Structures are given as C-alpha cells and as structure tokens.
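I have opened a new structure and want to look up a few things in it. My notes follow.

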Amino acid sequence: MAKKFPIIVLTGPRQSGKTTLAKALFNKYEYVNLENPDVGLFATNDPRGFLKLYNKYVIIDEAQKVPELFSYLQQKVDDDNIEGQYILSGSQNFLLSQKIAQTLAGRVYVMELLPLNQYELKGAKIKDFAQAIITGSYPRIYDKGIQPNDFYPSYIKTYIEKDVRDILNVQNLAVFQKFISVLAHYAGQLFNANSLSKELGIDAKTVQSWLSILETSYIAFTLPVWHKNFKKRLIKTPKLYFYDTGLLAYLLGISSSKDFMISQYKGALFENFGIIEIIKNNKNRGNNNNYYFWRDSNGNEIDLIIEKGEQVKLIEMKASETVKSDYLKSLHYIDALNDNLALSHFLFNSSQKTQKRTNETIVAWDDATTI
C-alpha cells in the first residue's frame, strides 16, 4: 500500500508492535516520535517548519498527539505527489478521528495492527488454549519472558495515566479504573449501560463515553447485531469483548490454567479468544470485513458472523473438544431462513486439529487462519 498511497496509518493498541513493524519494513525512513515533548511542541507550534525538516520518507510515531498536523500533511502530500511519503503510527484509533476523515480522505491507507495471533506465536511453544488465553498476545510478554501478572498491572497503570488523560478529561481515575474491572465481568454479554451505571453510581451517558475511550484505545469493543432478521424479532443490543484475553483474564483474577478451567468465565473467555483470533487473522490478510453476532428473541444465537457481500460465514465458539449435535444445530439454525446468501459454517473449539466435514469445518483453537 505504500506504493499506492502517500500516507500509511498504522494504528492499534499500545505495545502491539507498531513501531517495531514500521521500522523493520521501512528501515531507511527517518523516525520521529511526537511523544517527545520537544518534538511535539515543534510540530504543534510550527507545523510547516516541522514538515520542511521531515519532508519525505518519515515514520511519525504517536501522530495523534498533534492532530493539527493532519491539515498541513494534506497540503504537503498533494504538492509533493510521493507515494509512501509518510508512515503515521499511533495507539489511538485513527479510524475514529474526524481529522483523518476530513483532511486525508483518499490520501491515506489505514491498517490496524492488533497483538500477535496464534499463527504468529507458533514458535512460542504455547502448550494449550488455557495458557494462550491467560498469557494474552502482547509481543513484549513473549520477547522478554514477562509473566502476565507482572505485565498487565503496569499496562493498565500506563494506559490510565497516559491515554485516558489524553483522550478525555476523566476527573475520577479511581472510578474509571473500577469501571474497567467491572466491565470485564460483562465480556461476552450484551452491553447494558444502565446496569453498569447503577453498579458504579454514574450515569449511563458517562458509561457510554467511557466505553468509547476503551474502544478508541483498543482495550474493548462491541459487536453489533447482524441486520438480517428473517422475519424474526431480534435482540438489538451489542455484545462486549476485549481486544486481549490476557488483560481480560487478569481483570477477572484468573492467573493459572487450573483457575481458568474451573472458572465461571471459561466460556466467555474462550468465546472472546476465538472472536479476536479470527478478527486478527482477517485484518492481517487485509480483509476489511464486517463482523456481527445474531440472536433472536427466542434465544437462538450465532456467536460471530462475517459478511462480505453475499458470502456469509457463521461461526460458533465452544470451549470443548467434543463436537455435540446441539452445537451444530445452532450453527445451522438460519439455513432454512436464508434468502439466497452463500453460507459457510465453522465451529471454533478447543480441539487440537482442524477437520473439514461435509456441512461445516471444525476449527482447532490455534488455527483461526482457516476461517
């Protein structure tokens, strides 16, 4: 894409490897970090002078720190007409930035880099799905041999101290930290702002606002309901998930495989793990799909739906190696209701080997590349 667009945006969570990847792929580019106070001040006070100094083939890290720079970048790349002129990276979601939409439309390719997937972690010798879920997938954990219980407290502290203050002026950080902890118990469930507001003693608008902060900085996200109703009454509330199951397990107090296997949150954690693994693999292949879940008022549900035109993938998540007929029955529930969509069916479970059957594919926990 750097051969087709003047600006490439690489966004994703803190510590997902954005800077490492950008420097590795564009190793002859100059590197500048706007988180450096002097550099950030220079870019803010004299954007033209900044872009005159860093005029081409530059990686600009933490670019969201100086959003005013985007307007000047527009003029710069239009005048210079150089493909791959700037690589912008940052730990806040540029997709939500009005500055990008307003000033750089048509000039920028946006890629989201999420933490490592199981395909990328093949060399890490992860023994089972419980270990994979508890450890999470941030590169530094594996690169430096850091225990999750040492990594995640620091990650949360850094996130709250840096990103939350940058994105929104949250007055009571202690309540916000409690909000994150409480939210973990809602992973895999319908997101109900009113229930959370009562539990935390804050209003529902604040809950929605704080959730948007977590979405902007790649901590949590919501999965919308698939719009196909097949003349059925649908649940309209989105479901909540976390971008990293290691962080989610830490917030839930789960620190060992034994804890995980007996936890009431085992199913929710595995479902979250499966969904984010599938999303990671698709994003890494450049597949900009739409992701949904489906549930009608009678409780019939499909955990994940990937829609691309008339091609629709239906995926169930089960933390079990046993393939029960009930699992497959729910997976095929909408087949008879289908209005000419091309449906394919997948059961993502804790098995060790992927099996392609006549009517569905049973996908091993470390083989989401199949979907």
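How many cavities of 30 Å³ or more are there? I keep in mind that this is a predicted model. The count comes to two cavities of 30 Å³ or more.

**Entry: the largest cavity**

I looked up its volume and got about 50 Å³ for the largest cavity. Next I checked what lines it. The list holds Gln 118, Ala 132, Gly 136, Ser 137, Tyr 243, Asp 244, Thr 245, Phe 273, Ile 276, Glu 277 and Lys 280. Helix α14 (residues 266-284) gives the largest share of this lining, four residues. I sorted the lining of the largest cavity by class and found four nonpolar, four polar and three charged residues.

**Entry: the second largest cavity**

Here I noted about 40 Å³ of space in the second largest cavity. Its lining is made of Tyr 155, Ile 156, Tyr 159, Ile 180, Ile 219 and Leu 247. Helix α8 (residues 148-167) contributes the most to this lining, with three residues. By class, I get six nonpolar residues for the second largest cavity, with no polar and no charged ones.

**Entry: a pair of helices**

How do α10 and α11 cross? I found that the axes of helix α10 (residues 193-200) and helix α11 (residues 204-216) come within 8 Å and cross at roughly 105°. I therefore put α10 and α11 down as roughly perpendicular to each other. Where they meet, α10 brings Ala 193, Asn 194, Leu 196 and Ser 197, while α11 brings Ala 204, Val 207 and Gln 208. I classed the residues of this α10 and α11 contact as four nonpolar, three polar and no charged.

Methods: Residues are numbered from 1 along each chain as its sequence is written. This is a predicted model: local features need pLDDT of at least 70, side-chain atom pairs count only at pLDDT 80 or more; totals for chains, interfaces and linings use all residues. Side-chain values use heavy atoms; hydrogens and water are left out. Axes are lines fitted to C-alpha atoms, for helices over the stretch in contact, and angles run from 0 to 180 degrees between N-to-C directions. Helices (H or I, at least four residues) and strands (E, at least two) are DSSP runs, numbered from the N terminus. Angles under 35 degrees count as roughly parallel, over 145 as roughly antiparallel, 65 to 115 as roughly perpendicular and the rest as oblique. Contact means heavy atoms within 4.5 Å. Ala, Val, Leu, Ile, Met, Phe, Trp, Tyr, Cys and Pro count as nonpolar, Asp, Glu, Lys and Arg as charged, and the others, Gly among them, as polar. On a 1 Å grid over the protein atoms alone, a cavity is a set of points where a 1.4 Å probe fits but cannot get out, and a pocket is an open set with protein on both sides within 12 Å along at least five of seven lines; lining residues have an atom within 4 Å of a point. Grid points are joined across faces, edges and corners, and a volume is the space filled by probe spheres set on the points.
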